[in-house]
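I opened a new page for this chain. I wanted its overall build before any detail.

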Amino acid sequence: MNTQDIRTVQQSFAGAYVRKADLAERFYVHLFTRLPEARGMFSGNFSKQKTMLTAMIAACVSHLDDQFTLEELAAQLARKHAPLGLTVQEAEAAKRALIAALRDVLGPDLDPQTEDAWGRAINLVAGMMTRH
């Protein structure tokens with residue numbers, strides 16, 4: 001990712017973060033629409049899961065310009081998701097669900113350039129996860 005992409009993602013996330021509960025809710029709505037069987041992967045306190053989702057997104061976004069820390073965050077994500085045995089299709093569904101949730105929350109502020117930058121950021125973290 002280039003510096004402009006990082007700045008674009010970080011600036012747009014500020015708008016999404018103030019609506020982090022909506023972002024998490026919309027992510028899971030889109031994920032379960034695309035992947036209904038994913039509901040079975042979640043048990044226990046689902047509000048805690050939503051909080052962990054937005055906290056991890058925030059951590060990744062704030063460290064897009066710090067390769068070492070971003071690798072560590074991706075490794076944490078990989079370890080947490082490893083027991084689920086996610087397929088490539090499930091990972092792709094999650095990426096698409098996050099972009100769709102961002103569209104819902106940011107509305108017209110998620111212009112094509114910003115959405116493309118988000119796509120690159122998501123793919124960067126996802127690619128790091130597969131190395132761990």
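My entries below go from ground rules to fold, then surface and confidence.

**Ground rules.** I am reading a predicted model, where local features need pLDDT of at least 70, side-chain atom pairs count only at pLDDT 80 or more, and totals for chains, interfaces and linings use all residues. Residues are numbered from 1 along each chain as its sequence is written, and side-chain values use heavy atoms, with hydrogens and water left out.

**Fold.** I looked up the secondary structure and found six helices and zero strands in the protein chain. Helices here are DSSP runs (H or I, at least four residues) and strands are runs of E (at least two), numbered from the N terminus. From the N terminus, the order reads α-α-α-α-α-α. The radius of gyration is 14 Å, close to the 14 Å of the globule rule for 132 residues, so the protein chain is as compact as a globular protein of that length. That radius is taken over C-alpha atoms, and the rule is 2.2 Å times the number of residues to the power 0.38. I noted a C-alpha trace spanning about 40 × 30 × 25 Å along the principal axes.

**Burial.** How much of the protein chain is buried? I got 40% of the 132 residues, with buried meaning under 20% relative accessible area (1.4 Å probe, protein chains only).

**Confidence.** I checked pLDDT, the predictor's confidence in each residue, from 0 to 100. The protein chain averages 94, and 99% of the residues score at least 70.

Key:
Buried < 20%, exposed > 50% of the residue type's maximum accessible area, 1.4 Å probe, protein only.
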